[in-house]
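Subject: Structure for you to look at

Hello,

Here is the structure I promised to pass on. Please open it beside this email and follow along.

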Amino acid sequence: MGKGNLFWSGQRVMERWSIYSTELAAHIYNGLPAFRMENGEFLQVSPEEVNYFDANHMTDFVFNPDDVIGFEKEHGITPIPDPELENAKLAAEDARELGFLRKEKAKWDISIEAAVQVAIFCSTLGRPVLKKEVTDEIWKINSTIPDTTIDKIWQALPQKYKKGPGRPRKEPVLSNNL
């Protein structure tokens, strides 16, 4: 391993494999090449040298990424996905699911915003509102909100803000003719 080459720390390898330092030492015993820095140079660590390193110093080792990936393939180790890798890409199914979840989150955010604005609209109106008025108000906020969501917002409104079925009652007229 030459000076200036990319390398991974022992900590990164342990996180990649979700293992502890003793397990990393066992992998070094099984042939995983490890290096340590000494006088500005990377020197390969022999498996016997691992005995002189305690668990806290296992993170001082560095590893060639190609060696780590080759060791994984050879020994059937499945790494935890590393988002820092330059060429890391989601599998097609995972990418579709992520896209779907992002769209659902966007709908959720818009629906919450609309529900709050409708509640404010209803409370400041001063009279019970019709469902048509609520629908129109929601469409002013965002016209992509589906009818099912509008129905849920309508159902969630307190009854005192909703106009029930039927014609409004006539207010009695008080006459001043005495």
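Start with two helices. α4 and α5, the latter covering residues 131-141, pack at an angle of about 130°. Their axes lie 10 Å apart. An angle over 145 degrees would count as roughly antiparallel, and 65 to 115 as roughly perpendicular. The crossing of α4 past α5 is right-handed.

Which residues of α4 and α5 meet? On the α4 side they are E113, A114, Q117, V118, F121 and C122. On the α5 side they are E133, V134, E137, I138 and I141. By class, this contact holds seven nonpolar residues, one polar and three charged.

Keep in mind that this is a predicted model. Everything here is computed from it.

**The next helix pair**

Now move along to α6, residues 147-156. α5 packs against α6 at an angle of about 125°, and the axes are 10 Å apart. α5 and α6 are therefore oblique to each other. Their crossing is right-handed.

From α5, the contact uses K131, V134, T135, I138 and W139. From α6, it uses D147, I150, D151, I153 and W154. Six of the residues in this contact are nonpolar, one is polar and three are charged.

Look at V134 and I138 in α5. Both are among the residues that meet α4. Both are also among those that meet α6.

**The whole chain**

How many helices and strands are in the chain? There are six helices and four strands. From the N terminus, the order is β-α-α-β-β-β-α-α-α-α. The chain has 178 residues, and 27% of them count as buried. Next, take the contacts between residues at least 6 apart in sequence. Of these, 63% join residues at least 24 apart.

**The hairpin**

Find strand β2 at residues 34-38 and strand β3 at residues 41-45. They run antiparallel, joined by five bridges. The hairpin has two residues between the strands.

N39 sits in the loop between β2 and β3. Most residues other than glycine have a negative phi. Is N39 buried or exposed? N39 counts as exposed, because its relative accessibility is 76% and the cut-off for exposed is over 50%.

S18 is not a glycine either, and its phi is positive at about 55°. You will find S18 in the loop between α1 (10-17) and α2 (21-29). S18 is exposed, because its relative accessible area is 54%.

P79 belongs to another loop, the one between α3 (65-75) and α4. P79 and S18 are 61 residues apart along the chain. Their C-alpha atoms are separated by 7.9 Å. Leaving aside residues up to four places away in sequence, P79 touches R16, W17 and E72. Is P79 buried, exposed or in between? P79 is partly exposed, because its relative accessible area is 28%, and that class lies between 20% and 50%.

K107 is partly exposed, with a relative accessible area of 46%. Its C-alpha atom is 7.4 Å from that of I145. Along the chain, K107 and I145 are 38 residues apart.

Last, go past α6. P165 lies in the segment after that helix. P165 is exposed, with a relative accessible area of 86%. P165 and L130 are 35 residues apart along the chain, and their C-alpha atoms are separated by 9.2 Å.

Best wishes

Note on methods:
Residues are numbered from 1 along each chain as its sequence is written. This is a predicted model: local features need pLDDT of at least 70, side-chain atom pairs count only at pLDDT 80 or more; totals for chains, interfaces and linings use all residues. Side-chain values use heavy atoms; hydrogens and water are left out. Buried means under 20% relative accessible area, exposed over 50%, partly exposed in between (1.4 Å probe, protein chains only). Two strands pair if DSSP finds at least two bridges between them. Axes are lines fitted to C-alpha atoms, for helices over the stretch in contact, and angles run from 0 to 180 degrees between N-to-C directions. A crossing is left-handed if the near helix is turned anticlockwise from the far one by less than a right angle, and right-handed if clockwise. Contact means heavy atoms within 4.5 Å. Ala, Val, Leu, Ile, Met, Phe, Trp, Tyr, Cys and Pro count as nonpolar, Asp, Glu, Lys and Arg as charged, and the others, Gly among them, as polar. Angles under 35 degrees count as roughly parallel, over 145 as roughly antiparallel, 65 to 115 as roughly perpendicular and the rest as oblique.
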